[in-house]
Amino acid sequence: MARYLVTGGCGFIGSHLIERLLAAGHEVRVLDDLSTGKRENLPDSVPVTVGDVADPAAVDAAMSGVDGCFHLAAVASVDRSREAWLETHHANLSGTIAVFDAARRARGGGPVPVVYASSAAVYGDNPNMPLTEDAATRPLSAYGADKLGCELHARVADGVHGVPTTGFRFFNVFGPRQDPKSPYSGVISIFAGRIARGEPITVNGDGEQVRDFVYVKDLVRYLTAAMERPQPGAPVYNVCTGTPTTVNRLAEVLAAVAGKPLDRRTGPARPGDIRVSIGDPSRLVAAFGMACETSLEEGLRDTLAWL
Ligand code: NAD
Ligand code: UD2
């Protein structure tokens, strides 16, 4: 049994990770500012400190005595990073440095491993699909630039300060507990919520943008595996399926799985929207011996059942 800090643990991905950690018998504590996360995503038994991950004192206190940290706290929205550039930078990059810094002296004055969330947004407009981890990083958004910054500081954490880190470039994650009411939420939760309520959906632009959708329960298995076996050299891995889905097709499959008619409207293309994003999962599968296996239809069924 180990004791872990999960930053952003009240959020969508964090709550699934914590479910898995508790089932394995670990002790968990959370640091979250509840800006998008919800206390009710977690059992009452999990202690939650409400605080800012960019506040060094709050992070130091939360990190004290843990065996490792899963760092998921971030403003997880490309749109939001355009509207509130500096504010999201504090959470997304300064917050990550605060976590790495506190991890240097977490347990008995020594370092503990950090497993953290990066994003496919680091690849930006790189057209070389499917994207391998060695593909050039050309972020188009403040969000993507800050996630790339996290990866660079992870190298500093490892090489200069002896903090083992593993970064995961999540592609487009979906599943239960992704907030369907937030305009900053992922496309699947927004579409699923609207289709389930019989409301129209808005496709940004022509809807032929391509994404690689990953089911959340597949994803959290990699986070716990990386924590159990920290590796030197600050590795980063794509978390993806390698399967392309257009936004238009997603809408059609969702309506079919929900058994509802599709009322599709067209809105303006989103500024800075990436046209195609498909990952190559080879390195992930080789390192961890497991692939993201849940089909889009299966994952959508679970997501709709939760609504
Ligand atoms: P989420 O918004 O549900 O979770 C983020 C959590 O962090 C929330 O609980 C929020 O309240 C908390 N938080 C935000 N700012 C904070 C701050 N300054 N201090 C403390 N807590 C703060 O989003 P999610 O989808 O669960 O994302 C988790 C992580 O995965 C994020 O780092 C995100 O960038 C990354 N990610 C998500 C996706 C995706 O498709 N959902 C894809 C790539 C990367
Ligand atoms: C980016 C990252 C992803 C993750 C996420 C966090 C890329 C390729 N992906 O996701 O890894 O970090 O940010 O938020 O950088 N859309 C509509 N109608 C809507 C909502 C969305 O058409 O109502 C479109 C949107 O324009 C985009 C696609 O759906 O083309 C996916 O959008 P998203 O916001 O779910 O995620 P995305 O790809 O910006």
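Modeller: Buried area is the accessible area (1.4 Å probe) that two parts lose on being put together, summed over both. The model is predicted: local features need pLDDT of at least 70, side-chain atom pairs count only at pLDDT 80 or more, and totals for chains, interfaces and linings use all residues. Residues are numbered from 1 along each chain as its sequence is written, chains are lettered from A and ligands numbered from 1 in the order in which they are written, and side-chain values use heavy atoms, without hydrogens and water.

Colleague: What area is buried between domain 1 and domain 2?

Modeller: Domain bounds come from an automatic or database domain assignment, which gives domain 1 (3-172 + 214-239) and domain 2 (176-211 + 243-306). Contact means heavy atoms within 4.5 Å, and 37 residues of domain 1 are in contact with 26 residues of domain 2. Carbon and sulfur atoms give 57% of the area buried between the two domains, which is about 3,000 Å².

Colleague: Which residues of domain 1 lose the most area to domain 2?

Modeller: Three residues of domain 1 together make up 20% of what that side buries. They are Phe12, Tyr215 and Tyr222.

Colleague: Which residue forms a salt bridge with Asp134?

Modeller: A salt bridge is a side-chain nitrogen of Lys or Arg within 4 Å of a carboxyl oxygen of Asp or Glu. By this rule, five are found across the interface of domain 1 and domain 2. For Asp134 the closest N and O atoms are 3.0 Å apart, and the partner is Arg283.

Colleague: What is the distance between the end C-alpha atoms of helix α1?

Modeller: Helices are DSSP runs (H or I, at least four residues), and strands are E runs of at least two, numbered from the N terminus. The expected span is 1.5 Å times one less than the number of residues. The twelve residues of α1 (residues 12-23) should therefore span 16 Å, which agrees with the distance in the model, 17 Å.

Colleague: Which helix do the buried residues of α1 pack against?

Modeller: Buried means under 20% relative accessible area, exposed over 50%, partly exposed in between (1.4 Å probe, protein chains only). The buried residues of α1 include Phe12, Ile13 and Leu21. Besides strands such as β1 (3-7) and β2 (27-32), the buried residues pack against α7 (216-228).

Colleague: How many disulfides does the structure hold?

Modeller: A disulfide is counted when two cysteine sulfur atoms lie within 2.5 Å. The sulfur of Cys69 is 12 Å from the closest cysteine sulfur, in Cys150, so it is too far for a bond. Cys292 is in no disulfide either, with the nearest cysteine sulfur, that of Cys240, 6.9 Å away. The number of disulfides is zero.
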